[in-house]
Amino acid sequence: MKTRTISAIIAMIILASTNVSARETLAKATKGKFLMGVAINMQQVNGVNPVETDLIANEFSAVVAENCMKPQPTHPQENKYVWDDADKFVAFGEKNKQTVTGHCLIWHSQIGRWMFVNDSGKDVSPEVLKERMRQHIYAVVGRYKGRVKGWDVVNEAFEDNGTYRKSKFYQILGKDFIKYAFQFAHEADPNAELYYNDYNVETPAKCDAIVQLVKELKAAGCRIDAVGSQSHMHMVNPTLEATETSFKKLKAAGVHILITEWDVSILPSPYDGANISASFKYSKEMDPYRDGVPADVQQKWNKRVLDMFGLFLKYSDVVDRVTVWGLNDAGTWLNGFPIRGRMDYPLLFDRKNQRKSVVDEMIKMAQKTKVKK
Ligand code: XIL
């Protein structure tokens, strides 16, 4: 009897300790509603800090590469492809049974200049650019065929006022460059989902332009599964209302929605966009929380995160994935953008890789939400 009691106690202790390591996670709580993703860097893929690598593997159901699959790193010169990092990244996601997203095929930033010029440095003809796009897209999508669930095919083709960005792609090929990119991606992997991705999708003029693009792509017979809303947010903008309006418009256009690069900056900002070439001068006033975030500001940030997350859950019939742009506050790109050298707190894990208390609230919200799919 005594031995039995002791064994039972030991069993209970073991169970209790495993429960701690198998804590509730966003990945589990959002299962069946949407994927919960995270953008990861190569240090994390390479396991430089095992704590981070474990958190990524356990707390998220999807991954996207923060940089290594972009045009410049994969295709730095016309006849040179570099796959080492992207290969490792895709294998990492597979090893952890996570959904892998490809980011991104055609973008005006982080792309080799060679793409647009000939040997004498002049703009190439529309035919040459189209062929280079085809080669790039076929190579990248073809390499990971069947392993990457979906691609951000075109990133950031619009200005906030809804006009086309005057990128080199647009200057040389006109707006049809978008259609070509979707066609090539579909040819390279007919089973892959295809997305259009942008920031400030909540801005009405920009959202309307994206909806129009979706209609035109569908009319041209192109596959487009979802619009990715980057969702680089601030403390006030975008408002919850503007965000919901953009969801309604996209849903009505017959596409699904992905929250692709979610972060909520706690800092004052001179700029609401996410064009990575934007840059502003550092000042102490713009970097107020070097010694920590005051409780009232933290409360406001928590509320903002919960309000937005509640909206994502409310639309989980069409929101397929919510991806945060980075694991922890130490690694966020916002420490360097749009002002270098600041200390921001936009993510779900802190600088010591501790999960923020708001995540427990998010998990409870997700658990209460009925599965809609
Ligand atoms: C950012 C990365 O986070 C940085 O590490 C890099 O230096 C610049 O790009 N929109 C996008 C992302 O689609 O690819 C960008 O990522 C952030 C804005």
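**Entry 1: cis prolines**

I began with proline 338, which sits in the loop between strand E9 (319–324) and helix H13 (357–368). I note here that the model is predicted.

I then looked at proline 238. The bond from asparagine 237 to proline 238 is cis, and its omega is near -5°. Proline 238 lies in the loop between strand E7 (232–233) and H11.

**Entry 2: the ligand site**

Which residues are closest to the ligand? I list Glu66, Lys70, His103, Glu261 and Trp325. In total, 15 residues surround the ligand.

Glutamate 66 has a polar side-chain atom 2.5 Å from an oxygen atom of the ligand. For asparagine 155, I find an N or O atom of the side chain 2.9 Å from a ligand oxygen atom. Glutamate 156 places a polar side-chain atom 3.3 Å from a nitrogen atom of the ligand.

I stayed with glutamate 156 to check its backbone. Its phi is near 60°, a positive value in a residue other than glycine. Glutamate 156 belongs to the loop between E4 and H8.

**Entry 3: lysine 166**

Where is lysine 166? I find it in the loop between strand E4 (150–155) and helix H8 (168–173). Glutamate 156 is in the loop between E4 and H8 too.

I looked up the neighbours of lysine 166. Leaving out residues up to four places away in sequence, it touches Glu159 and Gln171. A polar atom of the lysine 166 side chain lies 2.6 Å from the backbone oxygen of tyrosine 164.

Lysine 166 and tryptophan 83 are 83 residues apart in sequence, and their C-alpha atoms are 30 Å apart in space.

**Entry 4: H10 against H11**

I moved on to helix packing. The axes of helix H10 (residues 204–219) and helix H11 (residues 240–252) come within 10 Å and cross at roughly 10°. Angles under 35 degrees count as roughly parallel, so H10 is roughly parallel to H11. The crossing of H10 past H11 is right-handed.

Which residues make the contact? From H10 I note Pro204, Cys207, Asp208, Ile210 and Val211. From H11 I note Ser246, Lys249 and Leu250. Sorted by class, the H10 contact with H11 holds 5 nonpolar, 1 polar and 2 charged residues.

**Entry 5: H11 against H12**

H11 has another partner on my list. Its axis and that of helix H12 (residues 295–314) come within 11 Å and cross at roughly 20°. That angle makes H11 roughly parallel to H12. H11 passes H12 in a right-handed crossing.

On the H11 side, the contact uses Leu240, Thr243, Glu244 and Phe247. On the H12 side, I find Asp307, Met308, Leu311, Phe312 and Lys314. The residues of the H11 contact with H12 divide into 5 nonpolar, 1 polar and 3 charged.

**Entry 6: H7 against H9**

My last pair was helix H7 (residues 126–143) and helix H9 (residues 176–188). They pack at an angle of about 35°, with axes 9 Å apart. What is the hand of the crossing of H7 and H9, left or right? It is right-handed.

H7 brings Lys130, Met133, Arg134, Ile137, Tyr138, Val141 and Gly142 to the contact. H9 meets them with Phe177, Tyr180, Ala181, Phe184, Ala185, Glu187 and Ala188. By class, I record 10 nonpolar, 1 polar and 3 charged residues for the contact of H7 with H9.

Notes: Residues are numbered from 1 along each chain as its sequence is written. This is a predicted model: local features need pLDDT of at least 70, side-chain atom pairs count only at pLDDT 80 or more; totals for chains, interfaces and linings use all residues. Side-chain values use heavy atoms; hydrogens and water are left out. Axes are lines fitted to C-alpha atoms, for helices over the stretch in contact, and angles run from 0 to 180 degrees between N-to-C directions. Helices (H or I, at least four residues) and strands (E, at least two) are DSSP runs, numbered from the N terminus. Angles under 35 degrees count as roughly parallel, over 145 as roughly antiparallel, 65 to 115 as roughly perpendicular and the rest as oblique. A crossing is left-handed if the near helix is turned anticlockwise from the far one by less than a right angle, and right-handed if clockwise. Contact means heavy atoms within 4.5 Å. Ala, Val, Leu, Ile, Met, Phe, Trp, Tyr, Cys and Pro count as nonpolar, Asp, Glu, Lys and Arg as charged, and the others, Gly among them, as polar. A residue is near a molecule or strand if one of its heavy atoms lies within 4 Å of it. A polar contact is a pair of N or O atoms within 3.5 Å; within protein, one must be able to donate a hydrogen and the other to accept it, and residues adjacent in sequence count only if both atoms are side-chain atoms.
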